Every structure is written in C-alpha cells, then in structure tokens.
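The following note sets out some points for a colleague who has the sequence and the coordinates at hand. Please read each point against the structure.

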Amino acid sequence: MISLTRRNLLKGAGLALAPAVLTACAGNAGSTGPGTLTSKARLPEPYTLPLPILTPAKPVRSSAAGDHYEMALKESTAEILPGYSTTIWGYDGTFPGPYLTARSGTPMVLRQTNLLPVPIATHLHGGITPPAQDGFPTDLLYPRSLAHVAAGHTSHGHHGEHATMHDPLAQVSTHQRTYTFPMQQRAAMLWYHDHRMDFTGAQVWKGLAGMCVVRDEEEEKLPLPRDDREVPLFLCDRAFDVDGQLAYPATDPTLLGAPGMDEPIMGGAQGDVILVNGSPWPYLEVAAVRYRLRLVNASNARRYELRLDGPAESQFIQIGGDGGLLEAPIRHTTLRISPAERFDVIVDFSSYAVGSTVTLVNLADTGQAGRVMRFHITHRAADNSAVPKQLSDLPRLAPEGARRRLVFSRNGSQWQINGKPFDPAVPHLRPAFGTTEHWSVLSVERHPFHLHGSFFQVLGRGSSGPGPYDSGWKDTVELSPGAEIHLAVRFDAYRGRYLAHCHNLEHEDMAMMATLQVT
C-alpha cells in the first residue's frame, strides 16, 4: 500500500499540519480505474424483489420563509439484502434519504440534526445556492460528541492526534444547522449527499444520499407522464460482507482518524451489487404506456451504459438532464451516465405484449454488474401523455470573458488539478461574476467533472462539437482518458467560494478538488 501525508500533499501551501496520513492512489499498481469489491453475503436472484417507490416527503410546515423540512442524520438498519439487517447511516435513517420536493421560487428550509458519530457537510447537488449553503467540504456539522473538535475549527473532523489543517473560512456548527436553499432555478432533478472533506466516499457508501425534485409551471404545462408514471430511479452500487454489512475498506473504519482507503479502491470504489432505490436488481410492474424515468447516478465511481433489451423501437427519449428540460427531445439507444449525472427520459412500453418483460442492462460491465432492473408489462391502459417536439427555450451562452484551463492529472501517486492538490483556503481560479467564460478541461484519466454554484453548457469536445449526451444545462460531465472538453461557464447568482472537482468520490477524497473564488 502507498501512503502520503497531508503535509507532503500541501507542502508549500503555508499550512501547519499534524501527522495525519492520507492513503493515496495506487501509484505502483499501474491502474487508475475503479476497483470492484466482491460481496461475500448471499445475494438474491436478480429481478425477484419489487422496486421501492420513492414517495415525496412533505414539509413539516410552510411559511413566508419557504417550505420547512427537518432531518435527523442517524445510524439505522435496513433490509437491503433479503435476510440481512444492514447498518446504514441515513438522512432520517433511511437509504436513500427522503425524496424532497421543492417549488421553483419557493425557498426550501432544511434543518438537520447530526446524531451520527462523525461530522457531515450536506451538498445539494445541482442547487444554485449561496456559498454558505453549498456544503463546502470544511463547513462541517459536528455531533455533540465532537463539540470539542468543532471548537478547534479543524477542517477534517479528526480528533486528538489526528487534528489537521485549519481552514480560516470554515463555517462550523454543532448538533444542528439550518440550510436555506433559495430555489431560484428551473425544474430539474437534483440530489443531495454528504460532502465531508476526505470522507465523502465512505460516508456516501454508508447511505448519506437522497433525491430532490424541483417543480415549476413550465414543466407542468407539458403533457408528460405524471403521478405513478413518473418514476425516480436512484442508481448506485455496493458490496456486502459475509454478515450483510456494507463493505468499504477505509483506513480507519470509524471515519474519525486518518482518512484514506485500501489500495484496490484508490481509483474509485465499485460494488458488485447494483441497487435501484436501495434494492438489488429490482423489478417494476408497468402498464403498456409511456413512463417518465428520472435517473440519478449516485454511485461513488461506477459509470453506466444503459440499454433496454427490447426491440429497436424501445429507445430512451431524453427530455431533460442535470439542469432541467432540454429544448427538444433526443432519442438514444443507450444512455452513458457518469457518477452524479441525471437523465430525464421517456420510455414507451406500448409496443410490448402484456406478460412480456423488458430488462434494463448496463453495457459498461458484465455479469451481475451488467444487470440493473426489469420491467414487467402487466396490462394495457389509456394514455393521454405525449412528448412535445418543443420542450423549452434555452439561452445560448457565448463566452466573452476569460479563457481558463483545468487539467485533471496524476503526478506519481497524487490526484491533482492544475498540478496542485486541493487547498480550501487558496483558490485555484477566480471566475468573474456575471461574465461568460470559456473553460477547457483536460483529463489524463477518466473523470466526471462537477461544478458547484452554476450550470454550464458544453461547447465541444476536442475539435468537434458537443457529444450526444451533452445537451442542455449541465453541472456534471464525463471526461474520457486523454480528452478535452470546452465549456461555457457563467456565475450570475452569487459571489463567493465554490468548488470544481472530480465526482469519482475516492478521487475527490484524495484531493482532486479546486477551490473557486467568484469575484
């Protein structure tokens, strides 16, 4: 195993570091790709368990300040695999967390109580939020048991001899904090997850993630499938030990000491069990009509290439992405979804006979990781839905400001952006507020690029135009090995501190993030 100290990673940054050890990527292994963990528990036969249906959570109250939700972050148990009681960490003790619903223009006020043994930092992924509400990795909510650590303003949530560097801008809370999300944005499928510095991968793996849908009048006027024919699908993967517990080889299983993970997953953690809405390889009974599937790739590092195993007409009709509706529908025979991306698609089951099945498969892998879920066509029904040729009007961003470059690379056994590891106190870039800039992002390995604080538009890949999955407003986009992507980026909501980073969570935990200061 290879290990690096945070002192060496941030050498020259002028920060005083304690001797905490960070396990780095597999420099001698010769491979930077994700590593798949193998389950030892007894696994169910695929397509034998029903899909859990995520029902929208209701606010505890509504006021002039917005819709108010309350969550307790706590340890709980769930029967993910039949016959096993699996310990999870969950928002309200569930996995996935509560399915939140927001209204465009109506603030969502979320009060969280941390009953876990570790700090957390919740990020609303896809939310256009003020910096203080964005879930910056050092803006930690500590449990009461670590109040003495919170008082010391350490950035990683370590205690005792493992206390680490001081972030002078960190906003630290103990036991409870309230997030206020303005929701001045269009309808879209968002999600939320823990973003604690150095420990995001392990804590999300334990269950700290959920979905959030934003509604608005523009979308509701369209004759799209709705109610029980609009199905949120939260995709992720996990591995389980012989006792049915979540298997993640963290350097310190308590997640309170030195950060890091074992070498096999330093390129990203993948499990061999595909979960949809928290259930392994489930099935869903559907009528022979159109359905709207709201897909979120909530995996730590796994990318999917989804395909329906039916006839040629069984295509995905994409109507939306990360930032909401597209201008017009796009037909795909496959969907390539990198970690953190969202796809909003229509699937028409009317061409299938009653009693037949349609299987959603993953062409990016084989064996049980190549299976996702199955649809059972049980009956015919009336269908008054339609997919309009025109969905929305989207402005085209034309860069007129600075040209910037971000290079995602590996230097020996370090993940870096522009040759530097993450430093929360020192910005990599200072984007200009209210100006559309041209960003070029280059990658040596495969990385999902994610931007906080703004959506962007893809101008092109290399010397070509945008790819088939690049349409509309994006906040996450996949970079293939050796690829360059050109983006139109405009911050016009808030000034302050945000992030750009790799959304392979293990890469992110090993310092592949860049601080941005929007000025």
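1. Is H68 buried or exposed? The model is a predicted one, and in it H68 has a relative accessible area of 10%. Because the cut-off for burial is under 20%, H68 counts as buried. The residue belongs to strand β5, which covers residues 66-78. Apart from residues up to four places away in sequence, H68 touches P59, V60, R61, S62, S63 and V109.

2. The largest nonpolar core has 127 residues, and the members that touch the most others are L306, F375, W439 and F449. With neighbours within four places in sequence set aside, F449 is in contact with L406, F408, W439, V441, F456, D475, T476, V477, L479, L487, A500 and H501. There is also a second, separate core of 8 residues, with L224, I317, L325 and I346 among them.

3. H450 is part of strand β31, residues 447-451. Its relative accessibility is 1%, so H450 is counted as buried. The side chains of H450 and H123 are joined by a polar contact of 3.5 Å. Beyond the neighbours within four places in sequence, the contacts of H450 are H123, H125, D475, T476, L499, A500, H501 and H503. D475, T476, A500 and H501 are listed for H450 and are likewise listed for F449.

4. The salt bridges number 27. One of them joins the side chains of E220 and R103, with an N to O distance of 2.6 Å. This pair links distant parts of the chain, 117 residues apart: E220 is in helix α4 (residues 217-220) and R103 in strand β7 (residues 100-103). Both partners are partly exposed, E220 with a relative accessible area of 35% and R103 with one of 29%.

5. Which parts of the chain does the salt bridge between D383 and R229 tie together? The side chains meet at 3.9 Å, N to O. D383 lies in the loop between β27 (371-379) and β28 (403-411), while R229 lies in the loop between α4 and β15 (230-238), so the bridge ties together parts that are 154 residues apart in sequence. D383 is partly exposed, its relative accessible area being 28%.

6. E230 and R294 form a further salt bridge, and their closest N and O atoms are 2.8 Å apart. Because E230 is in strand β15 and R294 in strand β20 (residues 290-297), this pair ties together parts 64 residues apart in sequence. Both residues are buried. Through shared partners, salt bridges join E230 and R294 with R215, E219, R292 and D344 into one network.

7. How much space lies in the largest pocket? The volume is about 530 Å³. The pocket is lined by 25 residues, of which R226, D227, D228, R229 and E230 are the closest to its centre. At least two lining residues come from each of α4, β15, β19 (283-287) and β20. The element that gives the most to the lining is β19, with 4 residues.

Definitions and conventions. Residues numbered from 1 in each chain as written. Predicted model: local features only at pLDDT ≥ 70, side-chain atom pairs only at ≥ 80, totals over all residues. Heavy atoms only, no water. Core = buried A, V, L, I, M, F, W, Y, C linked by side-chain atoms within 4.5 Å. Buried < 20%, exposed > 50% of the residue type's maximum accessible area, 1.4 Å probe, protein only. Contact = heavy atoms within 4.5 Å. Salt bridge = Lys/Arg side-chain N within 4 Å of Asp/Glu carboxyl O. Polar contact = N/O pair within 3.5 Å; in protein donor to acceptor, adjacent residues only side chain to side chain. 1 Å grid on protein atoms, 1.4 Å probe; cavity = no way out; pocket = protein on both sides within 12 Å on 5 of 7 lines; lining within 4 Å. Points joined across faces, edges and corners; volume = space filled by probe spheres on them.
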